[in-house]
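Here is a friendly walk through the model shown below. Keep the structure open in your viewer while you read.

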Amino acid sequence: MGDTLAPLPTPDQAAWQDMELTMFVHFDPAVYVNSQGGDPNVPFDLIRPDKLDTDQWVENAKAFGAKMLIFTAKHASGFAWWQTDTTDYGVRQLSWRGGKGDVMAMLSESCRKAGIAMGVYLSPQDAHKNVGCGAKTGAAEQHEAYRRIYRQQLEEVLTRYGEMLEVWFDGSLAFDLADAFAQLLQRNQ
């Protein structure tokens with residue numbers, strides 16, 4: 001037993017472990033109506049991130065020793081915090097910054113300036129589009145249409161905002177994304 005070698009982590013696994021702490025930021029339109037997330041009916045005129053300060057988020061992450069920040073770019077409600085054509089429920093529809101606001105861009109810049117790694121959470125569920133947990137839909141044509149939308153959203157958040165060290169999905173997925181990741185990796189080499 002004494003001469004049996006224990007498995008060793010890969011360099012990437014060891015680097016991830018060495019990060020030790022990560023801050024997760026869940027920012028949802030529901031905060032503007034003092035509710036839980038997942039409600040796709042929060043009126044646009046109530047979503048007013050006028051005082052949003054992503055530098056403050058990153059300062060808080062650094063203050064407790066986090067080396068990475070993961071941002072919920074889209075949660076179960078379907079609200080997109082980045083500029084996308086894939087939905088009519090996102091920052092593009094807000095009066096904030098004339099519809100040109102982009103929380104993903106602001107946060108990625110804040111992380112870059114502070115030397116904090118960034119990750120992204122992109123919910124497969126989308127209540128605004130009537131898509132359930134795991135990206136499950138009703139009819140086959142609806143499922144295929146949403147699969148294309150979700151893949152585009154994933155590509156947008158992974159290619160427009162610098163390196164994303166980690167990607168979070170919640171509730172499983174009803175379709176495979178391995179080829180999408182392979183294409184993104186190949187494009188970035």
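In strand E2 (68-74), Ile70 is the bridge partner of Phe24, and Met68 is the bridge partner of Thr22. Strands here are DSSP runs (E, at least two residues), helices are runs of H or I with at least four residues, and both are numbered from the N terminus. This is a predicted model, in which local features need pLDDT of at least 70 and side-chain atom pairs count only at pLDDT 80 or more, while totals for chains, interfaces and linings use all residues. Residues are numbered from 1 along each chain as its sequence is written, and side-chain values use heavy atoms, with hydrogens and water left out.

E1 and E2 run parallel and are joined by four bridges. They belong to an open sheet of four strands in the order E1-E2-E3-E4, with parallel pairing; two strands pair if DSSP finds at least two bridges between them. E1 and strand E4 (166-168) each have a single partner strand, so one side of each is left without a neighbour in the sheet. On average, neighbouring strands of this sheet are turned by 20 degrees against each other, direction ignored.

The C-alpha trace spans about 65 × 45 × 35 Å along its principal axes. Of the 189 residues, 41% count as buried.

The largest nonpolar core has 43 residues, and those with the most contacts inside it are Trp57, Leu69, Phe71 and Met104. Such a core is a set of buried Ala, Val, Leu, Ile, Met, Phe, Trp, Tyr and Cys residues joined through side-chain atoms within 4.5 Å. The elements that give two or more residues to this core include E1, E2, E3 and helix H5 (178-187). Beyond its neighbours within four places in sequence, Leu69 is in contact (heavy atoms within 4.5 Å) with residues including Met23, Val25, Trp57, Leu107 and Cys111.

Two loop residues deserve a look. Ser123 sits in the loop between strand E3 (117-122) and helix H4 (140-159). Its side chain reaches the backbone nitrogen of Gln125 at 3.1 Å. Leaving aside neighbours within four places in sequence, Ser123 is in contact with Lys74, His75, Ala76, Tyr146 and Tyr150. Asp53 is placed in the loop between strand E1 (22-25) and helix H2 (54-63). A polar atom of the Asp53 side chain lies 3.1 Å from the backbone nitrogen of Asp55. The C-alpha atoms of Asp53 and Glu166 are separated by 22 Å.

| Residue | Relative accessibility | Class |
|---|---|---|
| Ser123 | 2% | buried |
| Asp53 | 35% | partly exposed |
| Cys111 | 2% | buried |
| Cys133 | 43% | partly exposed |

How many disulfides does a search of the whole structure find? The search finds zero, a disulfide being a pair of cysteine sulfur atoms within 2.5 Å.

Definitions and conventions. Buried means under 20% relative accessible area, exposed over 50%, partly exposed in between (1.4 Å probe, protein chains only). A polar contact is a pair of N or O atoms within 3.5 Å; within protein, one must be able to donate a hydrogen and the other to accept it, and residues adjacent in sequence count only if both atoms are side-chain atoms. Axes are lines fitted to C-alpha atoms, for helices over the stretch in contact, and angles run from 0 to 180 degrees between N-to-C directions.
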